[in-house]
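Below is a short briefing on one protein model. Keep the sequence and the 3D view open while reading, and find each residue as it comes up.

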Amino acid sequence: VELTDVTVNLGGAPEPAPILYHVNLGVPLFDQDARLEVDSLEVLPRDPDAERGLASWMEPGLPEDGASEMVFEHRVRPDGSGWGRAALTNRSAGLRLVLLWRQAELPRFHQWLHRGRGIYVLGLEPANCSVLGRAADRAKGELPVLGPGERRTTEIRITAETLGES
């Protein structure tokens with residue numbers, strides 16, 4: 001799947017233009033045998049719940065009763081062409097999903113992980129903003145804005161493949 005979005009400010013004043021893509025994954029690709037691969041220069045937990053899961057962000061483990069969501073922001077090293085990459089591999093299911101995004105337009109990458117029984121999901125989220133909302137981004141001077149007539153193109157690519165037996 002290839003997605004190209006073009007956002008244009010048709011107004012006469014600057015407008016906030018945050019964007020965050022949600023690629024949510026579940027069973028059978030995402031289960032206790034899955035492993036997330038991201039070339040992260042740094043992994044930043046959003047809150048104390050994520051801090052407790054910092055050592056295991058790449059492997060989900062088993063579903064847990066009463067588990068809290070965890071959100072991590074990854075500072076991703078782009079490849080030589082300027083693309084960020086995250087891959088979820090599940091060898092026991094024989095599946096891999098690869099997500100690519102152009103980092104010039106989507107410089108931030110968030111991982112949402114919920115290990116709760118009955119929820120158990122992983123979200124891969126390329127973005128140009130934080131997950132804290134417009135007010136928080138504005139207060140930090142990080143709210144993405146498009147000027148009058150300004151255009152932004154964002155691209156993501158998602159591929160899925162079956163793995164051969166090893």
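The largest pocket of this predicted model has a volume of about 220 Å³. Lining it are 15 residues, and the ones closest to its centre are Glu73, Arg108, Ser130, Leu132 and Lys140.

**The largest pocket**

- Strand S5 (40-45), S6 and S9 each supply at least two residues of the pocket lining.
- Which strand gives the most to this lining? Strand S6 does, with 4 residues.
- By class, the pocket lining consists of 6 nonpolar, 2 polar and 7 charged residues.

**The cavity**

- The structure has 1 cavity of 30 Å³ or more.
- The space inside the largest cavity comes to about 30 Å³.
- Its lining is made up of Phe30, Leu36, Trp57, Met58, Glu59, Pro60, Leu88, Gln111, Leu113 and Leu122.
- Sorted by class, the cavity lining has 8 nonpolar, 1 polar and 1 charged residues.

- Side chains of opposite charge can pair when their charged atoms come close.
- How many salt bridges does the structure hold? The count is 12.
- One of them joins the side chains of arginine 108 and glutamate 73, at 2.7 Å from N to O.
- This pair connects distant parts of the chain: arginine 108 sits in strand S9 and glutamate 73 in strand S6, 35 residues apart.
- Are these two residues buried or exposed? Arginine 108 is buried because its relative accessible area is 12%, under the limit of 20%.
- Glutamate 73 has a relative accessible area of 10%, so this residue is buried as well.
- Salt bridges with shared partners tie Glu73, Arg75, Arg108 and Glu142 into one network.

- Arginine 117 and aspartate 65 form another salt bridge, with their closest N and O atoms 2.8 Å apart.
- Here too distant parts of the chain are linked, since the two residues are 52 residues apart.
- Arginine 117 belongs to the loop between strand S9 (108-114) and strand S10 (121-127), while aspartate 65 belongs to the loop between H1 and strand S6 (69-76).
- Both arginine 117 and aspartate 65 are exposed.

**Salt bridges: the pair within a helix**

- Aspartate 49 forms a salt bridge with arginine 52, and the closest N and O atoms are 2.2 Å apart.
- How far apart are aspartate 49 and arginine 52 along helix H1 (residues 48-52)? They are 3 residues apart, which means that about one helical turn separates them.
- Aspartate 49 is partly exposed because its relative accessible area is 26%, which falls between the limits of 20% and 50%.
- Arginine 52 has a relative accessible area of 64%, so this residue counts as exposed.
- Between arginine 52 and proline 78 there are 26 residues of separation in sequence and 27 Å in space, taken from C-alpha to C-alpha.

**A nonpolar patch on the surface**

- Which residues form a nonpolar patch on the surface? The patch consists of Val6, Val8 and Leu10, which together have about 300 Å² of accessible area.
- Valine 6 is part of strand S1 (residues 2-8).
- With a relative accessibility of 46%, valine 6 is classed as partly exposed.

**Backbone details**

- Most residues other than glycine have a negative phi, and most peptide bonds are trans.
- The bond between valine 27 and proline 28 is a cis peptide bond, with omega at about 15 degrees.
- Proline 28 lies in the loop between strand S3 (23-25) and strand S4 (35-38).
- Tyrosine 120 is not a glycine, yet its phi is positive, at about 25 degrees.
- Where is tyrosine 120 found? The place is the loop between S9 and S10.
- Tyrosine 120 counts as buried because its relative accessibility is 9%.

Conventions: Residues numbered from 1 in each chain as written. Predicted model: local features only at pLDDT ≥ 70, side-chain atom pairs only at ≥ 80, totals over all residues. Heavy atoms only, no water. Patch = residues over 30% accessible without salt bridge, like charges linked within 9 Å, V, L, I, M, F, W, Y side chains within 5 Å. Areas by Shrake-Rupley, 256 points an atom, 1.4 Å probe, with all protein chains shown as cover. Salt bridge = Lys/Arg side-chain N within 4 Å of Asp/Glu carboxyl O. Buried < 20%, exposed > 50% of the residue type's maximum accessible area, 1.4 Å probe, protein only. 1 Å grid on protein atoms, 1.4 Å probe; cavity = no way out; pocket = protein on both sides within 12 Å on 5 of 7 lines; lining within 4 Å. Points joined across faces, edges and corners; volume = space filled by probe spheres on them. Nonpolar A, V, L, I, M, F, W, Y, C, P; charged D, E, K, R; others polar.
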